[in-house]
Amino acid sequence: MINVYLDDIRACPIGFVAARSAEECLLLLAECDVNVLSLDFELGYGQPNGLAVVHGMVVRGLYPKEVYVHSSSLYGREQMVRELRAANPAGVIVHDGPMPQRVLDAAAASGGDANA
């Protein structure tokens with residue numbers, strides 16, 4: 001099981017796999033079991049954004065166990081959280097905001113292995 005951090009600019013935290021585009025993030029969700037997913041909204045001018053990832057997740061039923069939306073775009077964050085909560089995927093926890101330090105520490109300590 002892996003943790004995924006979607007962001008085109010920010011450094012990827014230890015214990016996470018970086019996804020630098022919407023397409024890369026959806027590919028990781030399709031091919032891997034994902035424990036924690038942290039989403040950004042803006043992913044570069046003219047590129048699909050974090051909301052495109054949310055739409056892909058909902059349409060394809062690709063959900064991690066837990067989602068954090070770390071975007072500094074209030075509008076984007078609100079849209080992503082609203083749509084994830086409206087989809088109401090069973091057993092998925094959706095957080096409106098960045099990961100707390102305890103989550104980052106746990107991921108770093110496990111080296112990305114959520115079962116460690």
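## Leucine 62 and its surroundings

Apart from residues within four places in sequence, leucine 62 contacts Leu26, Leu29, Ala30 and Met57. This residue belongs to a predicted model. Leucine 62 sits in the loop that joins H2 to S4. With a relative accessibility of 15%, leucine 62 counts as buried, because the cut-off for that class is under 20%.

Five strands make up an open sheet with parallel pairing, and their order is S2-S1-S3-S4-S5. Strand S2 (17-19) and strand S5 (93-95) are at the edges, each pairing on one side only. On average, and ignoring direction, neighbouring strands of the sheet are turned by 15 degrees against each other.

Strand S3 (residues 34-39) is joined to strand S4 (residues 66-69) by four bridges in the parallel sense. Within S4, glutamate 66 is the residue opposite valine 36, and valine 69 is the residue opposite leucine 39. The side chains of S4 are divided between two directions: Glu66 and Tyr68 point one way, Val67 and Val69 point the other way, and all are buried.

## Helices on the sheet

Helix H2 (residues 50-60) lies across strand S1 (2-6), S3 and S4, and runs at about 145 degrees to S3. Helix H3 (residues 74-87) also packs on the sheet, where it touches S3, S4 and S5. The direction of H3 makes about 165 degrees with that of S5.

H2 and H3 pack against each other with axes 9 Å apart and an angle of about 5 degrees. The two helices are therefore roughly parallel to each other, as angles under 35 degrees are classed that way. On the H2 side the contact involves Gly50, Leu51, Val54, His55, Met57 and Val58. These residues meet Gln79, Met80, Glu83, Leu84 and Ala87 of H3.

## Nonpolar cores

The largest nonpolar core has 26 residues, of which Val4, Cys25, Leu29, Leu37, Leu39, Val53 and Met57 touch the most other members. At least two residues of this core come from each of S1, helix H1 (22-31), S3, H2, S4 and H3. H1 gives the most, with five residues.

Cysteine 25 touches Val4, Leu6, Ala19, Leu37, Leu39 and Val53, when residues up to four places away in sequence are not counted.

## Annotated region

The unreviewed UniProt entry places the feature "domain: Cyclic-phosphate processing Receiver" at residues 2-85. Over residues 2-85 the chain is 39% helix and 21% strand. The C-alpha atoms at the ends of this stretch are 22 Å apart.

Terms used
Residues are numbered from 1 along each chain as its sequence is written. This is a predicted model: local features need pLDDT of at least 70, side-chain atom pairs count only at pLDDT 80 or more; totals for chains, interfaces and linings use all residues. Side-chain values use heavy atoms; hydrogens and water are left out. Two strands pair if DSSP finds at least two bridges between them. Axes are lines fitted to C-alpha atoms, for helices over the stretch in contact, and angles run from 0 to 180 degrees between N-to-C directions. Contact means heavy atoms within 4.5 Å. UniProt positions are given in the numbering used here, feature names are shortened, and annotations may be inferred rather than shown by experiment. A nonpolar core is a set of buried Ala, Val, Leu, Ile, Met, Phe, Trp, Tyr and Cys residues joined through side-chain atoms within 4.5 Å. Buried means under 20% relative accessible area, exposed over 50%, partly exposed in between (1.4 Å probe, protein chains only). Angles under 35 degrees count as roughly parallel, over 145 as roughly antiparallel, 65 to 115 as roughly perpendicular and the rest as oblique.
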